[in-house]
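Subject: Structure for your review

Dear colleague,

Please find below the structure that I am handing over to you. My findings follow it, arranged by topic.

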Amino acid sequence: MTEHAVVIAGGGPTGLMLAGELALGKVDVAIVERRASQDLAGSRSGGLHSRTIEVLDQRGIAERFLSEGQVAQVQRFGASDVLDISDFPTRHPYGLGLWQNHIERILAGWVGELAVPVYRSREVTGFAQDDTGVDVELSDGRSLRAQYLVGCDGGRSVVRKAAGIEFPGWDPSTSALIAEVEMTEEPELGIRRDDTGMHALGRVEYEIRDGEVVYMDEGPVRVMVTEQHPEATSEPTLRDLSEALIGVYGTDYGLQEAHWISRFTDMTRQAASYRERRVLLAGDAAHVHSPAGGQGLNIGVQDAVNLGWKLAQVVKGSSPPSLLDTYHAERHPVGARVLRNTMAQTVLNRPGDRIDALRDAVSELLSMDEPRKRFAAMLSGLDVHYDLGEGHPLLGRRMPDLDLITADGSLRVFTLLHDARAVLLNLGEPGGFDITPWGDRVRMIDAEYAGPWDLPVLGAVAAPVAVLIRPDGYAGWVGDLTDAGLPDALTTWLGPPTAP
Ligand SMILES: Cc1cc2nc3c(=O)[nH]c(=O)nc-3n(C[C@H](O)[C@H](O)[C@H](O)COP(=O)(O)OP(=O)(O)OC[C@H]3O[C@@H](n4cnc5c(N)ncnc54)[C@H](O)[C@@H]3O)c2cc1C
(Lines give C-alpha, C1' and ligand atoms only; values in the text may rest on other atoms or scores of the structure.)
Protein backbone atom coordinates (compact mmCIF):
# COMPACT_ATOMS: atom_id res chain seq x y z
CA MET A 1 0.00 0.00 0.00
CA THR A 2 1.37 3.43 -0.89
CA GLU A 3 2.13 5.55 2.16
CA HIS A 4 2.21 9.29 2.72
CA ALA A 5 2.47 11.18 5.98
CA VAL A 6 -0.61 13.22 5.07
CA VAL A 7 -3.29 12.62 2.44
CA ILE A 8 -5.51 15.53 1.43
CA ALA A 9 -8.89 14.71 -0.08
CA GLY A 10 -9.65 17.46 -2.61
CA GLY A 11 -7.39 19.74 -4.61
CA GLY A 12 -9.50 22.91 -4.61
CA PRO A 13 -8.06 26.14 -3.20
CA THR A 14 -8.00 24.84 0.38
CA GLY A 15 -6.40 21.48 -0.40
CA LEU A 16 -3.80 23.08 -2.68
CA MET A 17 -2.82 25.69 -0.10
CA LEU A 18 -2.59 23.04 2.62
CA ALA A 19 -0.43 20.84 0.41
CA GLY A 20 1.94 23.75 -0.20
CA GLU A 21 2.16 24.50 3.52
CA LEU A 22 2.91 20.87 4.40
CA ALA A 23 5.49 20.58 1.64
CA LEU A 24 7.23 23.69 2.99
CA GLY A 25 7.17 21.93 6.37
CA LYS A 26 9.10 19.04 4.73
CA VAL A 27 6.20 16.62 5.09
CA ASP A 28 5.40 13.86 2.57
CA VAL A 29 1.93 14.97 1.45
CA ALA A 30 -0.27 13.88 -1.45
CA ILE A 31 -3.57 15.17 -2.84
CA VAL A 32 -6.40 12.97 -4.13
CA GLU A 33 -8.53 14.98 -6.58
CA ARG A 34 -11.66 13.92 -8.43
CA ARG A 35 -11.11 16.25 -11.39
CA ALA A 36 -8.85 15.07 -14.21
CA SER A 37 -7.32 18.54 -14.52
CA GLN A 38 -7.34 21.73 -12.52
CA ASP A 39 -9.09 23.51 -15.41
CA LEU A 40 -12.25 21.47 -15.09
CA ALA A 41 -13.94 23.85 -12.69
CA GLY A 42 -16.25 26.75 -13.00
CA SER A 43 -15.16 30.02 -11.46
CA ARG A 44 -17.27 30.52 -8.42
CA SER A 45 -15.05 32.88 -6.47
CA GLY A 46 -14.21 36.28 -7.90
CA GLY A 47 -11.06 36.96 -5.95
CA LEU A 48 -8.98 37.45 -2.86
CA HIS A 49 -9.31 39.67 0.19
CA SER A 50 -6.50 41.58 1.82
CA ARG A 51 -5.52 39.03 4.49
CA THR A 52 -5.38 36.22 1.94
CA ILE A 53 -3.08 38.31 -0.25
CA GLU A 54 -0.98 38.85 2.88
CA VAL A 55 -0.69 35.13 3.65
CA LEU A 56 0.36 34.49 0.05
CA ASP A 57 2.88 37.31 0.46
CA GLN A 58 4.18 35.54 3.58
CA ARG A 59 5.08 32.63 1.30
CA GLY A 60 6.55 34.84 -1.42
CA ILE A 61 3.88 34.04 -4.02
CA ALA A 62 1.49 37.03 -3.82
CA GLU A 63 2.98 38.61 -6.93
CA ARG A 64 1.90 35.63 -9.05
CA PHE A 65 -1.72 36.45 -8.22
CA LEU A 66 -1.39 40.25 -8.26
CA SER A 67 0.17 40.21 -11.72
CA GLU A 68 -2.82 38.36 -13.19
CA GLY A 69 -5.70 40.05 -11.35
CA GLN A 70 -7.24 43.46 -10.93
CA VAL A 71 -6.58 45.33 -7.70
CA ALA A 72 -9.66 47.20 -6.50
CA GLN A 73 -11.78 48.29 -3.57
CA VAL A 74 -14.30 45.46 -3.69
CA GLN A 75 -15.77 44.93 -0.26
CA ARG A 76 -19.43 45.45 0.41
CA PHE A 77 -21.63 44.29 3.25
CA GLY A 78 -24.94 43.18 1.80
CA ALA A 79 -25.88 45.88 -0.65
CA SER A 80 -23.78 48.60 0.98
CA ASP A 81 -21.56 50.98 -0.90
CA VAL A 82 -17.97 49.83 -1.30
CA LEU A 83 -16.13 49.76 2.04
CA ASP A 84 -12.86 51.38 1.06
CA ILE A 85 -9.82 49.97 2.90
CA SER A 86 -7.16 52.07 1.20
CA ASP A 87 -6.37 53.67 4.58
CA PHE A 88 -5.78 50.29 6.31
CA PRO A 89 -2.29 49.59 7.71
CA THR A 90 -1.34 46.79 5.33
CA ARG A 91 0.84 46.54 2.24
CA HIS A 92 -2.25 45.26 0.42
CA PRO A 93 -5.09 47.67 1.28
CA TYR A 94 -7.39 46.33 -1.43
CA GLY A 95 -9.00 43.19 -2.83
CA LEU A 96 -7.90 41.34 -5.92
CA GLY A 97 -10.35 40.50 -8.70
CA LEU A 98 -9.22 37.11 -10.07
CA TRP A 99 -11.49 34.21 -10.99
CA GLN A 100 -11.21 31.02 -9.00
CA ASN A 101 -9.96 28.93 -11.94
CA HIS A 102 -6.93 31.23 -12.18
CA ILE A 103 -6.40 31.17 -8.41
CA GLU A 104 -6.43 27.38 -8.50
CA ARG A 105 -4.13 27.23 -11.53
CA ILE A 106 -1.54 29.46 -9.84
CA LEU A 107 -1.77 27.51 -6.57
CA ALA A 108 -1.45 24.23 -8.47
CA GLY A 109 1.68 25.57 -10.20
CA TRP A 110 3.23 26.39 -6.82
CA VAL A 111 2.30 22.98 -5.39
CA GLY A 112 3.82 21.38 -8.50
CA GLU A 113 7.11 23.24 -7.90
CA LEU A 114 7.07 21.80 -4.36
CA ALA A 115 6.77 18.33 -5.96
CA VAL A 116 3.52 17.33 -4.25
CA PRO A 117 2.03 14.24 -5.95
CA VAL A 118 -1.61 14.61 -7.05
CA TYR A 119 -3.67 11.44 -7.63
CA ARG A 120 -6.13 12.75 -10.22
CA SER A 121 -9.36 11.36 -11.67
CA ARG A 122 -10.18 9.43 -8.50
CA GLU A 123 -12.07 10.10 -5.32
CA VAL A 124 -11.68 9.37 -1.67
CA THR A 125 -14.65 7.08 -0.98
CA GLY A 126 -14.07 6.34 2.71
CA PHE A 127 -11.45 5.60 5.33
CA ALA A 128 -10.69 3.59 8.43
CA GLN A 129 -8.53 5.02 11.17
CA ASP A 130 -6.66 3.28 13.97
CA ASP A 131 -4.17 4.38 16.59
CA THR A 132 -1.28 4.71 14.18
CA GLY A 133 -2.85 5.97 10.99
CA VAL A 134 -5.61 6.07 8.42
CA ASP A 135 -6.35 3.75 5.50
CA VAL A 136 -7.80 5.98 2.79
CA GLU A 137 -10.02 4.20 0.26
CA LEU A 138 -9.99 5.43 -3.33
CA SER A 139 -12.57 5.00 -6.07
CA ASP A 140 -10.07 3.07 -8.23
CA GLY A 141 -10.01 0.29 -5.63
CA ARG A 142 -6.60 1.25 -4.23
CA SER A 143 -5.86 2.47 -0.72
CA LEU A 144 -3.37 4.94 0.66
CA ARG A 145 -1.97 4.73 4.18
CA ALA A 146 -1.40 8.04 5.97
CA GLN A 147 -0.71 9.32 9.46
CA TYR A 148 -3.39 11.97 8.92
CA LEU A 149 -6.20 12.57 6.43
CA VAL A 150 -7.52 16.06 5.77
CA GLY A 151 -10.90 16.53 4.12
CA CYS A 152 -10.65 19.54 1.80
CA ASP A 153 -13.33 17.95 -0.36
CA GLY A 154 -15.88 20.74 -0.43
CA GLY A 155 -19.34 21.27 1.02
CA ARG A 156 -20.55 17.73 0.33
CA SER A 157 -17.43 16.30 1.98
CA VAL A 158 -17.26 12.51 1.98
CA VAL A 159 -14.55 12.72 4.65
CA ARG A 160 -16.78 14.73 6.99
CA LYS A 161 -19.66 12.30 6.53
CA ALA A 162 -17.48 9.18 6.92
CA ALA A 163 -15.96 10.68 10.09
CA GLY A 164 -19.48 11.04 11.48
CA ILE A 165 -18.92 14.74 12.19
CA GLU A 166 -22.19 16.62 12.70
CA PHE A 167 -22.89 19.51 10.31
CA PRO A 168 -25.49 21.61 12.09
CA GLY A 169 -26.92 24.82 10.69
CA TRP A 170 -29.66 26.23 8.53
CA ASP A 171 -31.34 24.94 5.36
CA PRO A 172 -31.30 27.14 2.26
CA SER A 173 -33.79 29.98 1.91
CA THR A 174 -32.77 30.98 -1.61
CA SER A 175 -31.10 29.42 -4.63
CA ALA A 176 -29.41 30.82 -7.71
CA LEU A 177 -27.95 29.62 -10.99
CA ILE A 178 -24.48 30.73 -11.94
CA ALA A 179 -22.96 30.17 -15.35
CA GLU A 180 -20.51 31.32 -18.00
CA VAL A 181 -22.34 31.40 -21.33
CA GLU A 182 -22.35 32.52 -24.96
CA MET A 183 -25.27 34.75 -26.01
CA THR A 184 -26.09 36.08 -29.48
CA GLU A 185 -27.68 39.28 -28.18
CA GLU A 186 -26.17 42.01 -26.05
CA PRO A 187 -27.36 41.44 -22.44
CA GLU A 188 -28.20 44.13 -19.91
CA LEU A 189 -24.96 44.13 -17.90
CA GLY A 190 -25.06 45.01 -14.21
CA ILE A 191 -27.05 44.16 -11.10
CA ARG A 192 -30.82 44.00 -11.06
CA ARG A 193 -33.15 43.57 -8.09
CA ASP A 194 -36.77 42.50 -8.32
CA ASP A 195 -39.36 40.60 -6.31
CA THR A 196 -37.40 37.34 -6.59
CA GLY A 197 -34.10 38.80 -5.43
CA MET A 198 -30.79 39.91 -6.90
CA HIS A 199 -29.47 39.01 -10.37
CA ALA A 200 -26.28 39.98 -12.14
CA LEU A 201 -24.93 39.84 -15.69
CA GLY A 202 -21.35 40.70 -16.54
CA ARG A 203 -18.56 39.65 -18.82
CA VAL A 204 -15.94 37.19 -17.66
CA GLU A 205 -13.27 39.58 -18.93
CA TYR A 206 -13.21 43.00 -17.29
CA GLU A 207 -10.90 45.77 -16.19
CA ILE A 208 -10.95 48.09 -13.23
CA ARG A 209 -10.71 51.71 -14.39
CA ASP A 210 -10.81 54.51 -11.80
CA GLY A 211 -12.22 52.03 -9.31
CA GLU A 212 -15.08 50.98 -11.58
CA VAL A 213 -15.60 47.60 -13.24
CA VAL A 214 -15.51 48.04 -17.03
CA TYR A 215 -16.58 44.92 -18.96
CA MET A 216 -14.96 44.01 -22.26
CA ASP A 217 -17.20 44.44 -25.32
CA GLU A 218 -17.24 40.76 -26.13
CA GLY A 219 -16.51 37.33 -24.73
CA PRO A 220 -18.40 34.95 -22.45
CA VAL A 221 -21.10 36.36 -20.20
CA ARG A 222 -21.19 35.54 -16.50
CA VAL A 223 -24.74 35.04 -15.33
CA MET A 224 -26.08 34.93 -11.78
CA VAL A 225 -29.83 34.63 -11.59
CA THR A 226 -31.91 33.94 -8.49
CA GLU A 227 -34.34 31.09 -9.03
CA GLN A 228 -38.08 31.34 -8.64
CA HIS A 229 -38.16 27.74 -7.39
CA PRO A 230 -35.40 27.45 -4.80
CA GLU A 231 -36.35 23.88 -3.98
CA ALA A 232 -34.75 22.54 -7.20
CA THR A 233 -31.83 20.22 -6.40
CA SER A 234 -30.99 18.47 -9.70
CA GLU A 235 -27.96 19.32 -11.85
CA PRO A 236 -28.90 22.57 -13.62
CA THR A 237 -29.33 22.54 -17.41
CA LEU A 238 -29.19 25.14 -20.19
CA ARG A 239 -33.00 25.01 -20.29
CA ASP A 240 -33.21 25.82 -16.54
CA LEU A 241 -30.94 28.80 -17.13
CA SER A 242 -32.94 29.97 -20.13
CA GLU A 243 -36.20 29.78 -18.18
CA ALA A 244 -34.70 31.62 -15.22
CA LEU A 245 -33.37 34.39 -17.48
CA ILE A 246 -36.71 34.77 -19.27
CA GLY A 247 -38.47 34.87 -15.87
CA VAL A 248 -36.33 37.83 -14.78
CA TYR A 249 -35.33 39.68 -17.98
CA GLY A 250 -38.13 38.58 -20.32
CA THR A 251 -35.46 37.12 -22.65
CA ASP A 252 -32.52 34.74 -22.53
CA TYR A 253 -30.56 37.07 -24.85
CA GLY A 254 -30.11 34.29 -27.42
CA LEU A 255 -28.50 31.93 -24.93
CA GLN A 256 -26.47 29.46 -26.99
CA GLU A 257 -24.18 27.40 -24.86
CA ALA A 258 -22.81 27.28 -21.34
CA HIS A 259 -19.13 26.66 -20.58
CA TRP A 260 -20.33 25.65 -17.14
CA ILE A 261 -23.49 25.99 -15.04
CA SER A 262 -23.84 25.51 -11.34
CA ARG A 263 -26.40 26.08 -8.64
CA PHE A 264 -25.67 27.56 -5.22
CA THR A 265 -27.75 28.32 -2.19
CA ASP A 266 -27.43 30.10 1.11
CA MET A 267 -27.33 26.83 3.04
CA THR A 268 -25.41 27.70 6.20
CA ARG A 269 -23.72 24.91 8.14
CA GLN A 270 -20.55 24.31 10.08
CA ALA A 271 -18.81 21.12 11.19
CA ALA A 272 -19.29 20.65 14.93
CA SER A 273 -15.65 19.59 15.15
CA TYR A 274 -12.78 20.27 12.77
CA ARG A 275 -10.94 17.19 14.08
CA GLU A 276 -11.87 13.57 14.70
CA ARG A 277 -8.61 12.00 15.95
CA ARG A 278 -6.46 11.55 12.79
CA VAL A 279 -8.96 13.18 10.45
CA LEU A 280 -9.30 16.94 9.99
CA LEU A 281 -11.54 19.19 7.93
CA ALA A 282 -10.76 22.50 6.22
CA GLY A 283 -12.43 24.91 3.82
CA ASP A 284 -15.94 24.25 2.52
CA ALA A 285 -15.79 20.74 4.01
CA ALA A 286 -15.88 22.49 7.40
CA HIS A 287 -18.22 25.38 6.64
CA VAL A 288 -20.72 26.35 3.94
CA HIS A 289 -22.64 29.58 3.61
CA SER A 290 -23.88 32.05 1.02
CA PRO A 291 -21.19 33.67 -1.17
CA ALA A 292 -22.19 37.12 0.13
CA GLY A 293 -19.06 39.15 0.76
CA GLY A 294 -16.88 36.65 -1.12
CA GLN A 295 -15.38 34.97 1.92
CA GLY A 296 -15.52 31.17 1.44
CA LEU A 297 -12.37 30.61 -0.58
CA ASN A 298 -10.54 33.16 1.50
CA ILE A 299 -11.25 31.53 4.84
CA GLY A 300 -10.53 28.09 3.35
CA VAL A 301 -7.04 29.24 2.34
CA GLN A 302 -6.58 30.73 5.80
CA ASP A 303 -7.77 27.50 7.47
CA ALA A 304 -5.03 25.76 5.50
CA VAL A 305 -2.38 28.23 6.63
CA ASN A 306 -3.45 27.77 10.27
CA LEU A 307 -3.42 23.97 10.03
CA GLY A 308 -0.40 23.33 7.81
CA TRP A 309 2.50 24.13 10.16
CA LYS A 310 0.75 22.51 13.14
CA LEU A 311 0.15 19.28 11.27
CA ALA A 312 3.74 19.35 9.95
CA GLN A 313 5.11 19.59 13.49
CA VAL A 314 2.87 16.81 14.77
CA VAL A 315 3.78 14.51 11.87
CA LYS A 316 7.48 15.17 12.42
CA GLY A 317 7.06 14.42 16.13
CA SER A 318 8.26 17.79 17.41
CA SER A 319 4.82 18.70 18.81
CA PRO A 320 2.19 16.50 20.47
CA PRO A 321 -1.11 15.77 18.64
CA SER A 322 -2.90 18.11 21.08
CA LEU A 323 -1.46 21.02 19.05
CA LEU A 324 -4.05 20.09 16.43
CA ASP A 325 -6.85 20.99 18.85
CA THR A 326 -5.73 24.62 18.62
CA TYR A 327 -6.70 24.44 14.94
CA HIS A 328 -10.36 23.91 15.84
CA ALA A 329 -10.13 26.34 18.77
CA GLU A 330 -8.79 29.11 16.52
CA ARG A 331 -10.56 28.54 13.22
CA HIS A 332 -14.03 27.40 14.30
CA PRO A 333 -14.90 30.84 15.74
CA VAL A 334 -13.65 32.51 12.53
CA GLY A 335 -15.92 30.26 10.45
CA ALA A 336 -18.86 30.79 12.81
CA ARG A 337 -18.52 34.54 12.42
CA VAL A 338 -18.55 34.25 8.64
CA LEU A 339 -21.71 32.13 8.86
CA ARG A 340 -23.37 34.89 10.92
CA ASN A 341 -22.31 37.74 8.66
CA THR A 342 -23.34 35.93 5.47
CA MET A 343 -26.78 35.19 6.93
CA ALA A 344 -27.18 38.87 7.73
CA GLN A 345 -26.06 39.82 4.22
CA THR A 346 -28.50 37.37 2.65
CA VAL A 347 -31.33 39.13 4.43
CA LEU A 348 -30.06 42.50 3.24
CA ASN A 349 -30.13 41.21 -0.34
CA ARG A 350 -33.80 40.18 -0.17
CA PRO A 351 -36.52 42.11 -1.98
CA GLY A 352 -39.22 44.13 -0.23
CA ASP A 353 -39.90 47.64 1.04
CA ARG A 354 -39.01 46.76 4.61
CA ILE A 355 -35.67 45.28 3.53
CA ASP A 356 -35.07 48.40 1.40
CA ALA A 357 -35.48 50.42 4.58
CA LEU A 358 -33.11 48.11 6.47
CA ARG A 359 -30.59 48.33 3.61
CA ASP A 360 -30.69 52.12 3.75
CA ALA A 361 -30.18 52.09 7.51
CA VAL A 362 -27.21 49.67 7.31
CA SER A 363 -25.69 51.62 4.41
CA GLU A 364 -25.93 54.83 6.42
CA LEU A 365 -24.24 53.17 9.38
CA LEU A 366 -21.47 51.80 7.20
CA SER A 367 -20.79 55.21 5.69
CA MET A 368 -19.47 56.22 9.13
CA ASP A 369 -15.79 55.72 9.72
CA GLU A 370 -15.74 53.38 12.72
CA PRO A 371 -18.40 50.93 11.42
CA ARG A 372 -16.72 50.93 7.97
CA LYS A 373 -13.39 50.02 9.53
CA ARG A 374 -14.85 47.26 11.68
CA PHE A 375 -16.88 45.61 8.95
CA ALA A 376 -14.17 45.97 6.32
CA ALA A 377 -11.60 44.47 8.70
CA MET A 378 -13.97 41.57 9.33
CA LEU A 379 -14.65 40.88 5.65
CA SER A 380 -11.00 41.27 4.65
CA GLY A 381 -9.83 38.92 7.42
CA LEU A 382 -7.46 41.56 8.77
CA ASP A 383 -9.11 41.63 12.17
CA VAL A 384 -8.72 37.91 12.96
CA HIS A 385 -7.81 37.61 16.64
CA TYR A 386 -7.05 34.20 18.07
CA ASP A 387 -7.79 34.14 21.78
CA LEU A 388 -4.35 33.48 23.27
CA GLY A 389 -5.14 35.12 26.59
CA GLU A 390 -4.30 38.48 28.14
CA GLY A 391 -1.40 40.52 26.90
CA HIS A 392 -0.20 43.02 24.34
CA PRO A 393 -2.88 43.83 21.70
CA LEU A 394 -0.74 42.12 19.05
CA LEU A 395 -0.99 38.73 20.81
CA GLY A 396 -3.05 36.36 18.60
CA ARG A 397 -3.25 38.95 15.80
CA ARG A 398 -1.47 39.10 12.45
CA MET A 399 2.07 40.39 12.53
CA PRO A 400 2.32 43.50 10.36
CA ASP A 401 4.73 43.41 7.43
CA LEU A 402 7.20 45.93 8.88
CA ASP A 403 10.31 47.23 7.13
CA LEU A 404 13.12 46.11 9.42
CA ILE A 405 16.76 47.13 9.60
CA THR A 406 19.09 44.22 10.33
CA ALA A 407 22.86 43.74 10.34
CA ASP A 408 22.46 42.33 6.82
CA GLY A 409 20.44 45.29 5.55
CA SER A 410 16.75 46.11 5.33
CA LEU A 411 14.10 43.45 4.93
CA ARG A 412 10.36 42.93 5.27
CA VAL A 413 8.90 40.77 8.03
CA PHE A 414 6.94 38.69 5.53
CA THR A 415 10.11 37.63 3.72
CA LEU A 416 11.19 35.96 6.98
CA LEU A 417 8.16 33.66 6.72
CA HIS A 418 8.72 32.35 3.19
CA ASP A 419 9.86 28.93 4.45
CA ALA A 420 6.92 28.66 6.91
CA ARG A 421 9.17 28.55 9.97
CA ALA A 422 8.66 30.46 13.22
CA VAL A 423 10.66 33.63 13.86
CA LEU A 424 11.57 35.30 17.13
CA LEU A 425 11.85 38.95 16.18
CA ASN A 426 14.07 40.70 18.68
CA LEU A 427 13.83 44.48 18.53
CA GLY A 428 15.73 44.98 21.81
CA GLU A 429 19.31 44.17 22.77
CA PRO A 430 20.90 42.03 20.02
CA GLY A 431 20.99 38.37 21.02
CA GLY A 432 18.85 39.11 24.07
CA PHE A 433 17.07 35.72 24.22
CA ASP A 434 18.38 32.18 24.54
CA ILE A 435 16.32 29.93 22.27
CA THR A 436 18.95 27.23 21.84
CA PRO A 437 16.63 24.36 22.96
CA TRP A 438 14.24 25.28 20.12
CA GLY A 439 16.99 26.35 17.69
CA ASP A 440 16.00 23.71 15.12
CA ARG A 441 12.45 25.12 14.91
CA VAL A 442 12.73 28.90 15.30
CA ARG A 443 15.29 31.44 14.27
CA MET A 444 15.97 34.68 16.04
CA ILE A 445 16.27 37.86 14.04
CA ASP A 446 17.84 40.90 15.70
CA ALA A 447 16.43 44.00 14.07
CA GLU A 448 15.55 47.64 14.51
CA TYR A 449 12.25 49.20 13.66
CA ALA A 450 11.54 52.86 14.27
CA GLY A 451 8.17 53.24 12.52
CA PRO A 452 4.64 53.17 13.91
CA TRP A 453 2.85 50.05 15.16
CA ASP A 454 -0.53 50.39 13.59
CA LEU A 455 -3.06 47.53 13.63
CA PRO A 456 -6.30 47.33 11.63
CA VAL A 457 -9.26 48.71 13.64
CA LEU A 458 -7.18 49.05 16.84
CA GLY A 459 -4.93 51.79 15.45
CA ALA A 460 -1.63 52.65 17.16
CA VAL A 461 -0.37 50.22 19.80
CA ALA A 462 2.74 50.32 22.03
CA ALA A 463 5.89 49.01 20.33
CA PRO A 464 6.78 45.53 21.64
CA VAL A 465 10.39 44.59 22.32
CA ALA A 466 10.10 41.09 20.90
CA VAL A 467 7.50 38.99 19.04
CA LEU A 468 7.32 35.24 18.48
CA ILE A 469 5.84 35.06 14.97
CA ARG A 470 4.25 31.70 14.29
CA PRO A 471 4.69 30.20 10.82
CA ASP A 472 1.17 31.39 9.92
CA GLY A 473 2.14 34.99 10.65
CA TYR A 474 0.23 35.39 13.91
CA ALA A 475 1.89 36.61 17.11
CA GLY A 476 2.21 33.67 19.52
CA TRP A 477 4.03 35.67 22.19
CA VAL A 478 4.76 39.37 22.63
CA GLY A 479 7.47 40.44 25.03
CA ASP A 480 8.47 43.59 26.86
CA LEU A 481 11.92 43.80 28.37
CA THR A 482 12.06 40.24 29.71
CA ASP A 483 11.54 36.76 28.35
CA ALA A 484 8.67 36.06 30.78
CA GLY A 485 6.38 33.51 29.19
CA LEU A 486 8.66 32.88 26.20
CA PRO A 487 9.71 29.29 27.09
CA ASP A 488 6.03 28.38 27.63
CA ALA A 489 5.02 29.96 24.32
CA LEU A 490 7.86 28.20 22.47
CA THR A 491 6.76 24.89 24.02
CA THR A 492 3.08 25.52 23.18
CA TRP A 493 3.68 26.39 19.55
CA LEU A 494 6.88 24.52 18.66
CA GLY A 495 6.98 21.60 21.08
CA PRO A 496 9.15 20.73 24.08
CA PRO A 497 12.76 21.94 24.23
CA THR A 498 15.42 19.66 22.83
CA ALA A 499 17.82 18.36 25.50
CA PRO A 500 21.33 19.86 25.12
C1 LIG B 1 -21.44 31.85 -6.78
C2 LIG B 1 -20.29 31.73 -5.83
C3 LIG B 1 -19.43 32.78 -5.72
C4 LIG B 1 -18.39 32.71 -4.81
N5 LIG B 1 -17.55 33.79 -4.69
C6 LIG B 1 -16.59 33.76 -3.77
C7 LIG B 1 -15.71 34.87 -3.64
O8 LIG B 1 -15.80 35.86 -4.36
N9 LIG B 1 -14.73 34.79 -2.70
C10 LIG B 1 -14.58 33.68 -1.91
O11 LIG B 1 -13.69 33.68 -1.05
N12 LIG B 1 -15.37 32.61 -2.05
C13 LIG B 1 -16.36 32.62 -2.95
N14 LIG B 1 -17.16 31.53 -3.09
C15 LIG B 1 -16.89 30.32 -2.29
C16 LIG B 1 -15.74 29.49 -2.86
O17 LIG B 1 -16.00 29.14 -4.19
C18 LIG B 1 -15.56 28.24 -2.00
O19 LIG B 1 -15.59 28.60 -0.64
C20 LIG B 1 -14.22 27.55 -2.31
O21 LIG B 1 -14.22 26.98 -3.59
C22 LIG B 1 -13.92 26.48 -1.26
O23 LIG B 1 -12.71 25.85 -1.58
P24 LIG B 1 -12.43 24.37 -1.08
O25 LIG B 1 -11.11 24.01 -1.66
O26 LIG B 1 -12.62 24.31 0.38
O27 LIG B 1 -13.60 23.49 -1.71
P28 LIG B 1 -13.92 23.24 -3.27
O29 LIG B 1 -13.56 24.43 -4.09
O30 LIG B 1 -15.31 22.73 -3.33
O31 LIG B 1 -12.91 22.10 -3.69
C32 LIG B 1 -13.11 20.77 -3.29
C33 LIG B 1 -12.28 19.90 -4.21
O34 LIG B 1 -12.40 18.56 -3.80
C35 LIG B 1 -12.67 17.73 -4.92
N36 LIG B 1 -13.40 16.61 -4.36
C37 LIG B 1 -14.66 16.60 -3.86
N38 LIG B 1 -14.95 15.41 -3.32
C39 LIG B 1 -13.86 14.64 -3.48
C40 LIG B 1 -13.53 13.32 -3.10
N41 LIG B 1 -14.38 12.55 -2.44
N42 LIG B 1 -12.31 12.85 -3.41
C43 LIG B 1 -11.41 13.62 -4.07
N44 LIG B 1 -11.67 14.89 -4.47
C45 LIG B 1 -12.87 15.39 -4.14
C46 LIG B 1 -13.42 18.61 -5.88
O47 LIG B 1 -13.29 18.16 -7.21
C48 LIG B 1 -12.75 19.95 -5.65
O49 LIG B 1 -11.62 20.12 -6.47
C50 LIG B 1 -18.21 31.56 -4.01
C51 LIG B 1 -19.06 30.49 -4.14
C52 LIG B 1 -20.12 30.57 -5.06
C53 LIG B 1 -21.05 29.41 -5.18
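**Ligand site**

A nitrogen atom of the ligand has a backbone N or O atom of glycine 294 at 3.0 Å. Please note that the model is a predicted one. Of the 1,000 Å² that the ligand exposes when taken alone, the protein buries 90%. Helix 1 (13-24), strand 2 (29-33) and helix 7 (296-316) are the elements that each give two or more residues to the shell around the ligand. Helix 7 provides the largest share, with three residues.

In arginine 44, a polar side-chain atom is 2.7 Å from an oxygen atom of the ligand. In arginine 34, an N or O atom of the side chain lies 3.2 Å from a nitrogen atom of the ligand.

The ligand has 31 residues around it, and those that come nearest are Thr14, Glu33, Arg35, Arg44 and Asp284.

An open sheet is formed by five strands with antiparallel pairing, in the order 12-13-16-11-17. Its edges are strand 12 (190-194) and strand 17 (255-265), each of which pairs on one side only. From one strand to the next, the twist averages 15°.

At one end of this order, strand 12 runs antiparallel to strand 13 (residues 197-203), and five bridges join the two. Within this pair, glycine 190 has leucine 201 of strand 13 as its bridge partner.

Helix 6 (residues 238-249) lies across strand 11 (175-183), strand 12, strand 13, strand 16 (221-226) and strand 17. The helix runs at about 85° to strand 17.

Strand 10 and strand 18 (residues 268-270) run antiparallel and are joined by two bridges. Here glycine 169 has arginine 269 in strand 18 as its bridge partner.

**The hairpin**

Strand 14 (residues 206-209) and strand 15 (residues 212-215) run antiparallel, with four bridges between them. Tyrosine 206 stands opposite tyrosine 215 in strand 15. The two strands form a hairpin with two residues between them. In the turn, aspartate 210 has a positive phi of about 50°.

Yours sincerely

Methods: Residues numbered from 1 in each chain as written. Predicted model: local features only at pLDDT ≥ 70, side-chain atom pairs only at ≥ 80, totals over all residues. Heavy atoms only, no water. Pairing = 2+ DSSP bridges. Axes fitted to C-alpha atoms, helices over the stretch in contact; angles between N-to-C directions. Contact = heavy atoms within 4.5 Å. Near = heavy atom within 4 Å. Polar contact = N/O pair within 3.5 Å; in protein donor to acceptor, adjacent residues only side chain to side chain. Areas by Shrake-Rupley, 256 points an atom, 1.4 Å probe, with all protein chains shown as cover.
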